[in-house]
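Please read this report with the sequence and the structure open beside it, and look up each residue as it is mentioned.

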Amino acid sequence: MVLHARAHRERDGYSGMTVTGFDSGLADIAGKVESSQRLTYEDGIRLYASSDIHTLGELANTVRERFHGRTAYYNVNRHINYTNYCVLRCKFCSFYRPYVKRQVEAGPDGSLPVVAQDHTGGYELSVEQVVERASEAYAQGSTEVHIVGGLHPKLPFSYYLDLCRGIREACPRMHIKAFTAIEIIHLARIARPRLTISEVLTQLREAGLDSLPGGGAEIFDDRVHDETFKNKVGEAEWFEVHRAAHELGIFSNATMLYGHVETPAERINHLIKLREHQDESIRSRQARFNCVVPLSFIPDGSALEHLPGPTGLDDLKTLAICRLMLDNIPHIKAFWIMQSPKLAQVSLNWGVDDIDGTVVYYDITKREGQADDRTQQSLTVDQLKRMICEAGCTPLERDSLYRQVTRADGGWTVSDA
Ligand code: SF4
């Protein structure tokens with residue numbers, strides 16, 4: 001394959017950029033990829049150390065095409081962040097606000113703002129407001145609502161059940177993908193009487209929850225945990241939630257927040273832990289990870305603002321290495337909010353097969369220069385399709401479980417992709 005890649009580029013008159021050529025010592029890894037052998041920790045370390053970025057991209061693309069051909073997935077979805085009040089203070093997080101009693105100013109006509117914010121920008125949405133946003137998205141053709149928020153110190157467990165029930169009632173076919181592992185653990189702690197993780201998941205599912213989005217994994221490493229999110233649950237608890245979900249038949253995704261204080265070796269260890277969990281889920285559980293979402297750290301507004309964040313090349317390398325290391329997880333997503341639409345588009349030839357969806361509102365991260373009230377971040381279906389087609393791929397609208405969505409006469413149906 002390496003020789004093939006070189007011939008390909010010589011034919012196209014490619015002269016290289018920062019690459020060291022195709023004698024960069026990746027030939028044995030290329031051989032393993034060609035014969036579908038699992039890559040080791042040492043292989044992952046060597047891939048990160050290599051400056052032969054074109055071979056890396058080509059290898060990742062080989063695996064991507066083995067899974068999906070030239071298909072690239074997108075969906076029509078809506079993100080809703082129900083509150084940014086949080087009892088924790090993760091250093092990489094620019095989203096949270098400490099809880100204060102809201103002092104909401106009425107407008108000149110006496111009306112209250114739709115999203116009531118306190119003077120710090122902290123807010124919480126009522127169940128009715130969340131259901132209203134979901135209903136609006138459903139009416140506009142969204143097949144999925146993606147709901148996460150901070151760990152609110154006052155909202156009761158019933159709020160979360162009512163939220164799922166309300167959406168399920170108003171939007172019967174909409175997939176509810178909601179709550180990170182730390183939120184699920186928070187709910188187990190605040191429920192009265194106290195509940196186990198499985199009991200929380202079971203009650204949420206009965207109320208309408210369909211799957212878990214997979215956030216909060218950060219980097220599975222004690223050093224990184226102590227340095228950047230010491231008070232948040234660690235890897236054991238994160239896996240406990242996903243193990244319980246998979247045992248109950250609830251599918252989930254998994255994330256990796258990269259580009260802050262972690263090393264490449266710690267990233268590779270993170271990926272191997274996900275791979276091992278997936279092996280177990282495939283072997284003995286009813287559900288598994290659908291997708292891995294590597295999240296590019298955005299320092300702006302966080303306690304780690306002094307860090308530079310990942311470069312474009314680091315983004316591309318990481319996405320490609322995720323594809324190569326995670327041989328048992330079908331989908332690798334470039335979440336365009338984090339990697340940017342342009343880089344997400346390029347990554348479609350670097351191992352990525354999914355660029356997420358229309359999103360519309362996203363409060364979790366904002367790049368420098370975005371005012372606090374500018375949370376609207378959306379791409380249209382036409383823009384998503386254009387990105388995919390220009391990358392030489394075939395767009396396929398998927399639902400949350402990667403089944404094909406077909407639209408006709410203002411409605412939509414789902415069939416296996
Ligand atoms: S990352 Fe999540 S748990 Fe940590 S401070 Fe932000 S909202 Fe809270």
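Predicted model: local features only at pLDDT ≥ 70, side-chain atom pairs only at ≥ 80, totals over all residues.

## The protein as a whole

The protein has 15 helices and 13 strands, and of its 417 residues 57% are buried. When contacts between residues at least 6 apart in sequence are considered, 73% of them join residues that are at least 24 apart. One example of residues that are separated in sequence is given by Tyr123 and Asn84, which are 39 residues apart in sequence while their C-alpha atoms are 6.0 Å apart in space. Tyr123 sits in the loop between β2 and α5, and this residue counts as buried because its relative accessibility is 5%, where buried means under 20%.

Helix α11 runs from residue 264 to residue 284 and so has 21 residues. From its first C-alpha to its last, α11 reaches 31 Å, which is close to the 30 Å expected at 1.5 Å a residue. The buried residues in α11 are Glu266, Arg267, Ile268, His270, Leu271, Ile272, Leu274, Arg275, His277, Gln278 and Ser281. Against which elements do the buried residues of α11 pack? Their partners are the helices α3 (41-49), α9 (222-228), α10 (235-248) and α12 (312-325), together with the strands β5 (252-258) and β6 (289-296).

Helix α3, one of these partners, has Asp43, Gly44, Leu47 and Tyr48 as its buried residues. Seen down the axis of α3, these buried residues fall within an arc of 135°, and therefore they line one face of the helix. Glu42 and Ala49, on the other side of α3, are exposed. The buried residues of α3 pack against α2 (27-34), α4 (53-68), α11 and α12.

## Aromatic rings

A search of the whole structure finds 12 aromatic pairs. Two of them are set out below, and a pair of aromatic rings is described by the distance of the centres and the angle of the planes.

| Pair | Arrangement | Centre to centre | Angle between planes |
|---|---|---|---|
| Tyr82 and Tyr159 | tilted | 5.9 Å | 45° |
| Phe92 and Phe229 | edge-to-face | 5.8 Å | 70° |

Tyr82 lies in the loop between β2 (77-81) and α5 (127-139), whereas Tyr159 belongs to helix α6 (residues 157-170), so this pair ties together parts that are 77 residues apart in sequence. Tyr82 is buried, with a relative accessible area of 0%, and Tyr159 is buried as well, with a relative accessible area of 7%.

For the edge-to-face pair of Phe92 and Phe229, Phe92 lies in the loop between β2 and α5 and Phe229 in the loop between α9 and α10, so the pair ties together parts that are 137 residues apart in sequence. Phe92 and Phe229 are both buried. Ring pairs also link Tyr82, Tyr159, Tyr160 and Phe179 into a cluster.

## Backbone angles

Most residues other than glycine have a negative phi, and most peptide bonds are trans. Phe179, although not a glycine, has a positive phi of about 75°. This residue is found in the loop between β4 (175-178) and α7. Is Phe179 buried or exposed? Phe179 counts as buried, because its relative accessibility is 0%.

Ser340 is not a glycine either, and its phi is positive at about 85°. The loop that holds Ser340 lies between α13 (336-339) and α14 (341-347), and at 24% relative accessibility Ser340 counts as partly exposed.

The peptide bond from Arg192 to Pro193 is cis, with omega near -5°, and Pro193 is located in the loop between α7 (181-190) and α8 (197-207).

## Around the ligand

Which residues are around the ligand? They are Cys86, Leu88, Cys90, Phe92, Cys93, Phe95, Tyr96, Gly150 and Lys232. By class, this shell has 7 nonpolar, 1 polar and 1 charged residues.

Methods. Residues numbered from 1 in each chain as written. Heavy atoms only, no water. Near = heavy atom within 4 Å. Nonpolar A, V, L, I, M, F, W, Y, C, P; charged D, E, K, R; others polar. Helix = DSSP H or I, 4+ residues; strand = E, 2+ residues; numbered from the N terminus. Expected span 1.5 Å × (residues − 1). Buried < 20%, exposed > 50% of the residue type's maximum accessible area, 1.4 Å probe, protein only. Contact = heavy atoms within 4.5 Å. Arc of directions from axis to C-beta. Phe/Tyr/Trp six-rings, centres within 6.5 Å; stacked < 30°, edge-to-face > 60°.
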